[in-house]
Amino acid sequence: MQDLLQVLVSGLTLAAMYALSAVGLSLCWGSMNVLNMAHGAIMVVGGYVCYSAATFLGSGGPASFAMALAAGAAMGALLYLALVRPLRQRKGFETLIIIASFGLGLIIENLILKTYGAYPIAQPIALEGGWEFEQVFVPYQNAVVLASSSLILIVLALFLGKTRTGRAIRATSISAPAAQLQGVPVRRIYLLVMMLSGSLAAASGVLLSTLTTLAPTMGYDPMLKAFIVCVAAGLGNASGALFVALLLGVFEAAVGFYLGVRFGFSFLLALVILSLIWRPSGLFGGKDLQRL
Amino acid sequence: MSDASRQGSPSAQWSESSGTASSSVLLVQDLYAGYGAHTVLRGITIEVRAGAITGLLGPNGHGKTTLLRCASGLIKPKRGRIEFKGCELTGRQPEWIAAQGLGQVPQGDMLFGQMSVQDNLLMGAYLAPAWAQREANLCRVFALFPRLQERLQQSAGTLSGGERRMLSIGRGLMSCAELLMIDEPSLGLAPKVIEDIYVAIVRLADEGMPILLVEESVERVAEVCRQVYLLDDGLIRWQGTAAELDGNAELISTYLGS
């Protein structure tokens with residue numbers, strides 16, 4: 001019983017971070033077929049901006065976190081204006097944007113490497129210590145990660161589900177021409193989605209760095225896992241990505257706990273491969289998209 | 001409308017009559033359009049006036065939908081101009097054109113299938129002026145199509161063909177459009193359902209909404225339209241009143257084969 005609870009604590013924390021970045025990736029793919037390979041780099045930017053704000057400006061945890069979100073949104077806007085917009089009408093856009101965003105990601109990561117150095121840095125806003133209930137240890141920071149990711153995802157769901165702009169984002173991802181006929185400025189919606197996605201990446205980067213450390217290459221592993229989550233859920237399905245992230249996070253933690261951490265990732269991949277054989281377009285996938 | 005004014009060129013009519021009760025709303029002049037190297041429209045001139053239904057009649061695949069897609073900005077014409085309420089639309093983005101008050105009920109409905117009926121209707125009211133009046137417009141749509149109110153939370157993709165058409169027209173009405181272009185409202189529907197849809201269209205026109213109706217069925221067009229254009233193979237072959245069309249068996253058999 002204690003084991004199971006311990007697995008749930010670490011699994012849900014993992015899941016929360018997977019979910020944040022997977023939902024971000026999924027939004028981009030869902031609305032404009034952008035597989036954003038700079039997603040990991042934006043996580044790194046988020047982590048370092050938060051570190052810099054807390055260290056050099058002396059701002060508190062929430063303020064530093066907010067600055068990281070703003071930096072993520074700015075990176076998303078940059079990605080849209082510099083790459084997506086000029087390439088959008090080109091033939092083979094889906095492939096071009098993978099390569100172009102990968103390049104942008106490399107530039108960003110190397111700029112960070114040059115500025116901050118390659119050594120891992122501790123994230124200053126992370127909390128020490130934790131609660132102990134009946135031999136189950138819950139670090140404060142895990143609770144913070146869980147609570148803040150849940151809060152962000154709930155706010156995002158309300159925004160997409162209930163507001164005029166959120167509804168326009170969903171409509172644009174279903175059919176951009178039909179949304180245009182209703183007067184939706186789809187290019188502004190694309191920009192907004194990239195900014196949202198950038199903020200989600202930055203949030204996930206900050207939270208990740210509070211559990212491990214900051215390093216210029218810290219984005220690769222979570223980005224890869226976020227892609228895996230998106231593919232398993234069906235690309236472009238944000239709520240599906242959330243569900244699959246929860247499932248895979250807890251699964252990975254369970255395998256890590258019972259069989260050893262080194263098996264976590266390989267078992268996760270095996271599970272995803274099996275599920276893709278069963279449902280090739282993902283658990284919740286199966287739609288075509290027209291992009292403008 | 002007198003014979004003389006009807007036979008004059010639409011552009012001349014438009015400049016004479018702007019500002020009068022039956023002023024021109026939409027004017028298409030010498031429009032060429034197509035897809036790639038293939039030209040579908042080869043010099044189309046039509047005029048839609050306020051206060052009635054204007055019919056655009058013609059067989060399938062001869063450019064009716066292309067004309068509407070040009071007007072709403074979804075495709076760019078190769079030549080010619082389109083004016084709405086005296087405002088040039090040519091080369092504008094569809095969202096800008098929609099904001100001027102030109103509404104389209106597109107062929108195949110183009111609903112947001114995974115979204116609820118309610119969300120589809122609210123998408124119709126996306127633009128700020130319509131958003132402010134969304135409650136009143138919802139009531140108007142429900143009065144016209146009570147079925148939609150019963151299906152409010154159902155996803156649009158699960159509706160029947162007739163309900164989808166109602167939702168598509170309803171979404172168009174949510175937008176405070178000043179002209180509604182309706183593309184083949186009877187396409188793929190059972191006769192009884194077509195009847196319901198047409199009752200709604202006529203009611204809208206009676207409320208003062210100018211409508212450009214695209215149809216294949218002569219009977220429907222003759223029944224509800226005032227002015228009719230016959231589009232065949234990318235050209236306007238004939239224009240006149242619905243009554244004249246009805247009496248012209250030769251014309252109908254030449255172009256519409258019935």
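This is a predicted model: local features need pLDDT of at least 70, side-chain atom pairs count only at pLDDT 80 or more; totals for chains, interfaces and linings use all residues.
Residues are numbered from 1 along each chain as its sequence is written, chains are lettered from A and ligands numbered from 1 in the order in which they are written, and side-chain values use heavy atoms, with hydrogens and water left out.

Where chain B meets chain A, 22 residues of chain B are in contact with 19 residues of chain A, contact meaning heavy atoms within 4.5 Å. The area buried between the two chains is about 2,000 Å², and carbon and sulfur atoms give 64% of it; buried area is the accessible area (1.4 Å probe) that two parts lose on being put together, summed over both. Of the area that chain B buries against chain A, Glu95(B), Phe112(B) and Tyr126(B) supply 32%, more than any other three residues.

The rule finds 3 salt bridges across this interface, a salt bridge being a side-chain nitrogen of Lys or Arg within 4 Å of a carboxyl oxygen of Asp or Glu. Asp119(B) forms a salt bridge with Arg170(A), and their closest N and O atoms are 2.9 Å apart. On the side of chain B that touches chain A, the elements giving two or more residues are α4 (94-99), α5 and α6 (128-132) of chain B, and α5(B) gives the most, with 4 residues. Helices (H or I, at least four residues) and strands (E, at least two) are DSSP runs, numbered from the N terminus.

On chain A, a nonpolar surface patch of about 850 Å² is made by nine residues, among them Met1(A), Leu4(A), Tyr258(A) and Phe267(A). The elements that give two or more residues to this patch are α1 (2-32), α10 (238-259) and α11 (261-278) of chain A. Patches are made of residues with over 30% relative accessible area and no salt bridge, nonpolar side chains (Val, Leu, Ile, Met, Phe, Trp, Tyr) being joined within 5 Å and like charges within 9 Å. Met1(A) is found in the segment before α1 of chain A.

Most residues other than glycine have a negative phi. In Asp30(B), however, which has its place in strand β1 (residues 24-35) of chain B, phi is near 50°, a positive value. Asp109(B), in the loop between β6 (102-105) and α5 (117-124) of chain B, has a phi near 70°, also a positive value.

Methods. Accessible areas come from the Shrake-Rupley method with a 1.4 Å probe; for residues, only the protein chains shown count as cover.
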